[in-house]
Amino acid sequence: MPRPTFIDCDRLDLKPPDEEDIEFLREGVNHPKVRQYISAFRTPYTEDRYRDELWPIDSDGDGVSLLAVPNDGEFSGDPVGSVQLYPLNDADGYANFGVWFHPTAWGEGYALEAGAHLIEYGFRDLRLHRVSATAMARNEASRTLCERLGFVHEGTTRETQFADGEYADVERYGLLVDEWGGPEEILDG
């Protein structure tokens with residue numbers, strides 16, 4: 001059964017996950033190429049552990065988590081990744097931007113498109129003042145994504161995360177509503 005679209009994009013739609021997506025989500029968070037950069041996914045998730053710790057997504061109502069589902073092409077109708085504004089702090093008008101995509105869909109521009117439309121939703125509909133993001137310093141793709149989305153590099157926290165047997169620096173980014181030009185500026189630029 002097709003799930004409702006939450007945000008219409010150009011080449012993909014952002015949709016809320018449902019029960020049928022658990023296997024895709026669990027596979028994604030367990031994929032070594034995804035997991036190496038996200039400390040919350042450090043140890044593998046069984047289905048039971050995934051359901052206990054990560055499902056339902058945003059059960060506390062403190063954010064937005066959506067699946068990116070392409071409209072056509074090789075991945076048409078199937079989720080390829082997840083984008084989040086989580087946690088969401090209404091009192092301060094703040095949220096953190098998070099993203100992961102299955103490695104089979106890397107390099108297609110899906111993360112940029114999904115990110116641009118989710119950030120637009122955050123500023124326009126959730127009335128956020130600020131969106132932040134973090135990326136492990138060695139994760140060049142995530143750092144590039146943040147920069148292409150217009151985030152400003154705000155600093156480096158040294159040796160903040162432990163990954164692959166060593167401590168890694170984390171790059172911190174911020175984007176203010178007054179700096180945001182909309183998805184058209186990002187995607188047409």
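Is Cys146 buried or exposed, and what is its relative accessible area?

Modeller: Cys146 is buried, at a relative accessible area of 4%; buried means under 20%, exposed over 50%, and partly exposed in between, with a 1.4 Å probe and protein chains only. The model is predicted, so local features need pLDDT of at least 70 and side-chain atom pairs pLDDT 80 or more, while totals for chains, interfaces and linings use all residues. Residues are numbered from 1 along each chain as its sequence is written, and side-chain values use heavy atoms, without hydrogens or water.

For Cys146, the closest cysteine sulfur belongs to Cys9, and at 17 Å it is too far for a bond. Cys9 is also buried, with a relative accessible area of 11%. A disulfide requires two cysteine sulfur atoms within 2.5 Å, and the count by this rule is 0 disulfides.

On to the aromatic side chains. The whole structure has 6 aromatic pairs, counted when ring centres of Phe, Tyr or Trp (its six-membered ring) lie within 6.5 Å, with planes under 30 degrees apart called stacked, over 60 edge-to-face and the rest tilted. One of them is stacked: Phe24 and Trp100, 5.6 Å centre to centre with 25° between the planes. Phe24 is in helix H1 (residues 22-30) and Trp100 in strand S5 (residues 94-101), so this pair ties together parts 76 residues apart in sequence. Helices (H or I, at least four residues) and strands (E, at least two) are DSSP runs numbered from the N terminus. Phe24 is buried at 15% relative accessible area, and Trp100 is buried at 7%. Phe162 and Tyr167 form an edge-to-face pair, because their ring centres are 4.8 Å apart and their planes stand at 65°. Here Phe162 is partly exposed at 37%, and Tyr167 is exposed at 53%.

H1 also packs on helix H3 (residues 47-54), at an angle of about 95° and with the axes 10 Å apart. H1 is therefore roughly perpendicular to H3, a label for angles of 65 to 115 degrees (under 35 is roughly parallel, over 145 roughly antiparallel, the rest oblique). Ile22, Leu25, Arg26 and Val29 of H1 make the contact with Glu47, Tyr50 and Arg51 of H3, contact meaning heavy atoms within 4.5 Å. These residues divide into 4 nonpolar, no polar and 3 charged.

Terms used:
Axes fitted to C-alpha atoms, helices over the stretch in contact; angles between N-to-C directions. Nonpolar A, V, L, I, M, F, W, Y, C, P; charged D, E, K, R; others polar.
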